[in-house]
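This report examines the pockets of a protein model and then its aromatic ring pairs. Please keep the structure in view while reading.

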Amino acid sequence: MQVDINSIRIKKRVRRELHDIDQLADSLKHFGQLHPITITRGKVLVSGRRRLAAASSLGWKTIEAIILDETNAAERLQLELEENLQRCPLGQDELDSALERLERLKHPGFLRRCWNAIVAFFMRLFGIEQ
């Protein structure tokens, strides 16, 4: 559900520093909001402080949010911790491999471009969606 950003209240948070907000804002601008923030029915932020800050920096008026049923302070803190702790960053090998694959997809070699053209032709010929 879309929620007015200015209506969301931010109380004491576990994360004290909001790192890389500009990078997250660029991601939101380019890809949109991939994950909703979480708030209570009273519009108190539970999780998604960085997403909220990035959206606000872009001038967004609303943001996609999940609204929790009644929770107590301990449950809200547990949810905030869970969201932040379960975000495991990619290992360097995984990141290198993914970036190499992305480069090949964005800039395929001559043979790959020929193959892609042939496949696309036959898919159009037989009315198959990609």
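This is a predicted model: local features need pLDDT of at least 70, side-chain atom pairs count only at pLDDT 80 or more; totals for chains, interfaces and linings use all residues.

Three helices, H1 (21-31), H2 (49-57) and H3 (73-85), each supply at least two residues of the lining of the largest pocket. Among the contributors, helix H1 gives the most, namely five residues. The space in the largest pocket amounts to about 650 Å³. Its lining consists of 21 residues, and those closest to the centre of the pocket are Leu24, His35, Arg50, Arg51 and Arg87. By class, the lining of the largest pocket has nine charged, eight polar and four nonpolar residues.

The second largest pocket holds about 270 Å³ of space. Its lining includes Lys11, Lys12, Arg13, Val14 and Arg16, together with Val44, Leu45 and Val46. Ala73, Arg76, Leu77 and Glu80 also line the second largest pocket. Two elements give two or more residues to this lining: strand S3 (45-47) and helix H3. The largest share comes from H3, with four residues. Helix H3 is also among the helices that supply at least two residues to the lining of the largest pocket. In the second largest pocket, the lining divides into six nonpolar and six charged residues, with no polar residue.

The aromatic rings form a separate topic. How many aromatic pairs does a search of the whole structure find? The search finds two. A pair of aromatic rings is described by the distance of the centres and the angle of the planes. The table lists both values for each pair.

| Pair | Centre to centre | Angle between planes | Arrangement |
|---|---|---|---|
| Phe121 and Phe122 | 5.2 Å | 80° | edge-to-face |
| Phe122 and Phe126 | 6.3 Å | 15° | stacked |

Why does the pair of Phe122 and Phe126 count as stacked? The planes of these two rings stand at 15°, and planes under 30 degrees apart count as stacked. For Phe121 and Phe122, the angle is 80°, and planes over 60 degrees apart count as edge-to-face. Through these ring pairs, Phe121, Phe122 and Phe126 are linked into a cluster.

Conventions: Residues are numbered from 1 along each chain as its sequence is written. Side-chain values use heavy atoms; hydrogens and water are left out. Rings of Phe, Tyr and Trp (its six-membered ring) pair if their centres lie within 6.5 Å; planes under 30 degrees apart count as stacked, over 60 as edge-to-face and the rest as tilted. On a 1 Å grid over the protein atoms alone, a cavity is a set of points where a 1.4 Å probe fits but cannot get out, and a pocket is an open set with protein on both sides within 12 Å along at least five of seven lines; lining residues have an atom within 4 Å of a point. Grid points are joined across faces, edges and corners, and a volume is the space filled by probe spheres set on the points. Ala, Val, Leu, Ile, Met, Phe, Trp, Tyr, Cys and Pro count as nonpolar, Asp, Glu, Lys and Arg as charged, and the others, Gly among them, as polar.
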